[in-house]
Every structure is written in C-alpha cells, then in structure tokens.
Amino acid sequence: MLQLQRIACIALTALVAAGVSQAQQKPASNKAKAAAPAEKKVAVAAPKIEVTPETKDAGTVAKGQVIETIFVVKNNGGSDLVISDARPGCGCTVASFDKVIKPGAEGKVITSVDTKSFSGPISKSVLLVSNDPERGQINLFVKANVKPFVDILPQPYVRVA
C-alpha cells in the first residue's frame with residue numbers, strides 16, 4: 001500500500017509539473033501570435049528628398065541686382081514629399097516652393113536675393129523643411145560676389161582735393 005501511495009504521489013507531482021510548464025508556454029505562444037499580425041502590416045515607403053546641387057554660385061553680379069535661382073527637388077521615395085516651409089536666412093532673400101512632390105517626380109524651390117545692401121562675397125541660405133524622416137531639414141545656399149558699378153582703389157579711404 002505504501003508503494004502505491006508513492007507511485008500516486010510521483011504521478012501527481014509529474015502531472016502538476018507538466019501543467020505548470022504548459023501554462024508557462026501558452027503566454028509566450030500567445031505573445032508570438034499577437035506579434036505576428038503586427039509584422040504583417042505593409043510598410044509604406046517614406047519620402048526621400050534630393051536636391052543637387054545644394055549650393056548655387058551666381059558668380060560676379062552688380063550691386064543692386066536681384067539674383068534668381070531655381071533648385072530642383074526630387075522625391076526618390078515611395079510616398080508624397082511634403083515641403084512645409086522654406087525659411088530664408090535674412091530679409092534680403094525670398095523663397096517660393098512646390099508644396100507636394102509625388103514619388104519619382106520633381107519640384108522647384110525658387111529663390112530671389114536682393115544685393116542692394118551688399119558688397120563683396122556673399123552667401124545666403126534658405127532652410128527647406130520637409131517630411132523626409134532622414135533629412136527633414138536641408139540648407140540651400142546662394143553665393144555671389146557683389147561688385148559696385150564704380151570701384152575705387154585703394155580702399156577704404158579716398159581723398160579728392
């Protein structure tokens with residue numbers, strides 16, 4: 001009889017251990033099943049902005065001339081590229097831009113720099129803000145060398161008697 005009790009006790013212990021082991025495995029398998037549908041979601045390709053070149057050199061310009069430049073913006077991504085802002089670095093620069101560029105298409109950013117207040121080399125910037133997750137902000141530059149109509153040498157002091 002004692003032998004029978006021992007066998008029953010061992011069988012009961014094995015049965016409880018198997019039940020605990022199985023109960024611990026079920027939540028893990030449920031978690032794996034719950035994670036599987038999330039992985040099946042189709043990822044939408046993000047927009048990808050490309051501006052080449054990011055710097056335009058207007059060369060030598062006369063003081064007071066307005067420098068007009070056009071930057072070509074490409075969307076190499078899989079969804080619409082939305083340009084939310086083009087912020088000039090100073091009041092002498094104005095920018096206009098295409099707000100939405102479809103995947104594979106091109107848009108434009110047009111800048112105007114008024115040189116009436118400058119002399120010598122200048123570099124003006126426009127901060128382009130978009131929904132590209134990798135490059136959300138790009139600085140575009142317009143460079144020039146502004147020369148006055150009359151240039152008197154030596155500078156900066158001239159005496160006329």
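These are my notebook entries on a predicted model of a single chain.

**Overall layout.** I started with the secondary structure and found 1 helix and 9 strands in the chain. Reading from the N terminus, I get the order α-β-β-β-β-β-β-β-β-β. Next I looked at contacts with a separation of 6 or more, and 65% of them join residues 24 or more positions apart.

**Burial and surface.** I checked how much of the chain is buried: 24% of its 161 residues. The chain exposes about 11100 Å², and carbon and sulfur atoms supply 59% of that area.

**The core.** Which residues touch the most other members of the largest nonpolar core? I noted Ile 49, Val 51, Val 73, Leu 128 and Leu 140, out of 23 residues in that core. I then asked where the core residues come from, and at least two each are supplied by strand 1 (49-51), strand 3 (66-75), strand 4 (81-88), strand 7 (106-114), strand 8 (120-130) and strand 9 (137-147). Strand 9 gives the largest share, with 5 residues.

**A look at Val 73.** I listed its contacts, leaving out residues up to four places away in sequence. Val 73 touches Ile 49, Glu 50 and Val 51, then Leu 81 and Ile 83, and also Ile 101, Ala 105, Glu 106, Gly 107, Val 109 and Leu 128.

**A nonpolar patch.** On the surface I found a patch formed by Ile 70, Val 72 and Ile 110, with about 200 Å² of accessible area together. Ile 70 lies in strand 3. Is Ile 70 buried or partly exposed? I put it down as partly exposed, because its relative accessibility is 41%, and buried would need a value under 20%.

Notes: Residues are numbered from 1 along each chain as its sequence is written. This is a predicted model: local features need pLDDT of at least 70, side-chain atom pairs count only at pLDDT 80 or more; totals for chains, interfaces and linings use all residues. Side-chain values use heavy atoms; hydrogens and water are left out. Helices (H or I, at least four residues) and strands (E, at least two) are DSSP runs, numbered from the N terminus. Buried means under 20% relative accessible area, exposed over 50%, partly exposed in between (1.4 Å probe, protein chains only). Contact means heavy atoms within 4.5 Å. Accessible areas come from the Shrake-Rupley method with a 1.4 Å probe; for residues, only the protein chains shown count as cover. A nonpolar core is a set of buried Ala, Val, Leu, Ile, Met, Phe, Trp, Tyr and Cys residues joined through side-chain atoms within 4.5 Å. Patches are made of residues with over 30% relative accessible area and no salt bridge: like charges are joined within 9 Å, nonpolar side chains (Val, Leu, Ile, Met, Phe, Trp, Tyr) within 5 Å. A salt bridge is a side-chain nitrogen of Lys or Arg within 4 Å of a carboxyl oxygen of Asp or Glu.
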